[in-house]
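Biologist: Could you walk me through the aromatic rings in this one, please?
Modeller: Gladly, here is the model to look at while we talk.

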Amino acid sequence: SEILQDYVKTKLNNHRKALSSATVRRHLSILSSSLKQAVKLGIITVNPCMNVSIPTARKKKLDVFNKDEYLKLEKTLCRDQDKVKATAVLLALKTGVRLGELAALRWYDIDFEEKTIMVRDAVHRVNTSEEAGGKKTEMIFEGTKSYYSERTIPMNHEIYALLKGYEAGLSVKGEFVFSSKKGSFIDPRVYQTYFADVLKNADIKKRNFHILRHTFATRAASKNMQLSVLSRLLGHSNIAVTLKRYIHPLTEQDRIEMNKISEIPIDKEK
């Protein structure tokens, strides 16, 4: 148990390579399953995982673009000469699609008649080096993150106009919605570099590309979008996941609801 507890501590506090509590919990679960079998086979008498605890991580405040940053980013992207990447980033901001999903979008996923976007694939970077610690990687199409991640996103008027205008301005229409000059998909790392440059040009603090997804979800929640709908649009497995991550935007609505009952008079006689 002491060895396993030390393992947990090391994995959680390994600075740059630190893992999340959820990941370490999965590690411990796999170990526990193996050691439970060892108990059944009589190899050991007690499962040492039973006495190991994983500290509950404090929930970090979600980083999202504020209203001013959102408008500055939108304006900078609309003026950018690189219409392919600019439109891609705008689409991520307006729909909350993940970076891998964005890179994998093909034109047959876009239905202008039904005004829908089908998210059914994603690009992933995998290690292809046979040597231990090898750095060689390649991009593969491996489907969305989970069964629930495969979803249909309806286009509102803004998204429809964005994609329709983008399509009309293309000189060559390839397989992918956002193609490189060679006609292939754009590597997610290229998007990340581009996004960093855009933020710098817009005089916005540097953030990770994933903030676009968080910002979409936060704005949607603050506009009182039904959580069941938001959960489906984000590709979450259930509403609980959406609530856990984006509950803070509902604070103002909570205040409104609480103020409703303050109008009920107190019966002083009772």
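**Rings and their partners**

Modeller: Tyr-166 and Phe-178 are both buried, where buried means under 20% relative accessible area, exposed over 50% and partly exposed in between, with a 1.4 Å probe and protein chains only.

Biologist: What should I know about the model and its numbering?
Modeller: This is a predicted model, in which local features need pLDDT of at least 70 and side-chain atom pairs count only at pLDDT 80 or more, while totals for chains, interfaces and linings use all residues. Residues are numbered from 1 along each chain as its sequence is written, and side-chain values use heavy atoms, with hydrogens and water left out.

Biologist: How many aromatic pairs does the structure hold?
Modeller: There are nine aromatic pairs; rings of Phe, Tyr and Trp (its six-membered ring) pair if their centres lie within 6.5 Å, and planes under 30 degrees apart count as stacked, over 60 as edge-to-face and the rest as tilted.

Biologist: And what kind of pair do Tyr-166 and Phe-178 form?
Modeller: Their pair is tilted, with 5.3 Å centre to centre and 40 degrees between the planes.

Biologist: What about Phe-176 and Phe-185?
Modeller: Their ring centres are 5.8 Å apart and their planes are at 65 degrees, so this pair is edge-to-face. Phe-176 is buried, at 6% relative accessible area, and Phe-185 also counts as buried, at 17%.

Biologist: Which rings are linked into a cluster?
Modeller: Ring pairs join Phe-65, Tyr-191, Phe-195 and Phe-209.
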